Amino acid sequence: MTQPPPPRPHPRTGKLFDSPVRPGSGWPGDPATVRTAVATAPDQVVALAAAAKTLKQVDAGVSVCRACPRLVQWREQVAVEKRRSYADQPYWGRPAPGFGSTRPRILVVGLAPAAHGANRTGRVFTGDRSGDFLFGSLHRCGLANQPTCTDSADGLVLNDVRVAAAVRCAPPANAPTPAERTGCAPWLDAEWRLTGSDVRVIVALGGFAWQVALAMIRRTGGTVGTPAPKFGHGTIATLGFAGGEVALLGCYHPSQQNTFTGRLTPAMMDEVFATARAISA
């Protein structure tokens, strides 16, 4: 059995942390405490997500969730074994909560944290090339205060934007199972319940996120046309919900496969977020 690594210093603050990071131990941006309720089964996720009254409560619950055994085992294994280039750092090793504005006009939905990205830093889309591509574009479009996203204490602030993943734990081979997707869905539903009245645009990063957004709207009492709108880069669909209407805007996912091959260029992503900003205004 692999032995837990010794505590390592946070790359910015220098404070020592175990891997995975213990809730309430002082990690920058950790929304949980030692008293935060932990969901250990899907029905508990449903109950805790429904009971949350603030985004901070949702984020805290997400960050300690243990409802999917396969994902828990994998994310913690990665946090112990680590990538060689990050062996001198602590790994968050927990689910990645949403990040950004508490009253967003734009909600960005992705798939899941990266094993050595958000699973290491504790902040969604941070610490890997996909995040560099995403936050670089948000910065160029005036939606982020800086283009870099290296760690959870780097000073990144989003302007009227919140970023969330459909599945909050890093999955093996970047492929959560259907049951894991379903089990995690109540957390996103809770975020939507608490922010939907402000959101004017949902940006779906990839076809899976597009389907997640449609399902979220349906589950929370909204309306999706028939036939359901199909994903496409730059495609805009109008969806109805209790607070009025929201635009669903498609964007290719900033995966290395897409960005290295030129399927998604910086200019293409910038155009999506310029459109999102114009609609949200």
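User: Which residues does histidine 116 touch, not counting residues up to four places away in sequence?

Analyst: This is a predicted model, in which local features need pLDDT of at least 70 and side-chain atom pairs count only at pLDDT 80 or more, while totals for chains, interfaces and linings use all residues. Residues are numbered from 1 along each chain as its sequence is written, and side-chain values use heavy atoms, with hydrogens and water left out. With contact meaning heavy atoms within 4.5 Å, and leaving aside residues up to four places away in sequence, histidine 116 touches Val78, Lys82, Arg83, Tyr86, Tyr91 and Gly127.

User: Is histidine 116 buried or exposed?

Analyst: Histidine 116 is found in the loop between strand 4 (106-110) and helix 4 (118-121), where helices (H or I, at least four residues) and strands (E, at least two) are DSSP runs numbered from the N terminus. Buried means under 20% relative accessible area, exposed over 50%, and partly exposed in between, with a 1.4 Å probe and protein chains only. Because its relative accessibility is 19%, histidine 116 counts as buried.

User: How are helix 2 and helix 6 oriented to each other, roughly parallel or roughly antiparallel?

Analyst: Leu55, Val58, Gly61 and Val62 in helix 2 meet Trp187, Ala190, Glu191, Leu194 and Thr195 in helix 6. Helix 2 and helix 6 (residues 178-195) pack with their axes 10 Å apart and at an angle of about 170°, the axes being lines fitted to C-alpha atoms over the stretch in contact and the angles running from 0 to 180 degrees between N-to-C directions. Angles under 35 degrees count as roughly parallel, over 145 as roughly antiparallel, 65 to 115 as roughly perpendicular and the rest as oblique. Helix 2 is therefore, relative to helix 6, roughly antiparallel.

User: Which helix gives the most to the lining of the second largest pocket?

Analyst: The second largest pocket has a volume of about 330 Å³, and of the 20 residues that line this pocket, the closest to its centre are Gly29, Asp59, Pro97, Gly98 and Phe99. A pocket is an open set of points on a 1 Å grid over the protein atoms alone, where a 1.4 Å probe fits, with protein on both sides within 12 Å along at least five of seven lines, and lining residues have an atom within 4 Å of a point. At least two lining residues each come from helix 2 (55-63) and strand 3 (99-100). The element that gives the most, with three residues, is helix 2.

Terms used:
Points joined across faces, edges and corners; volume = space filled by probe spheres on them.
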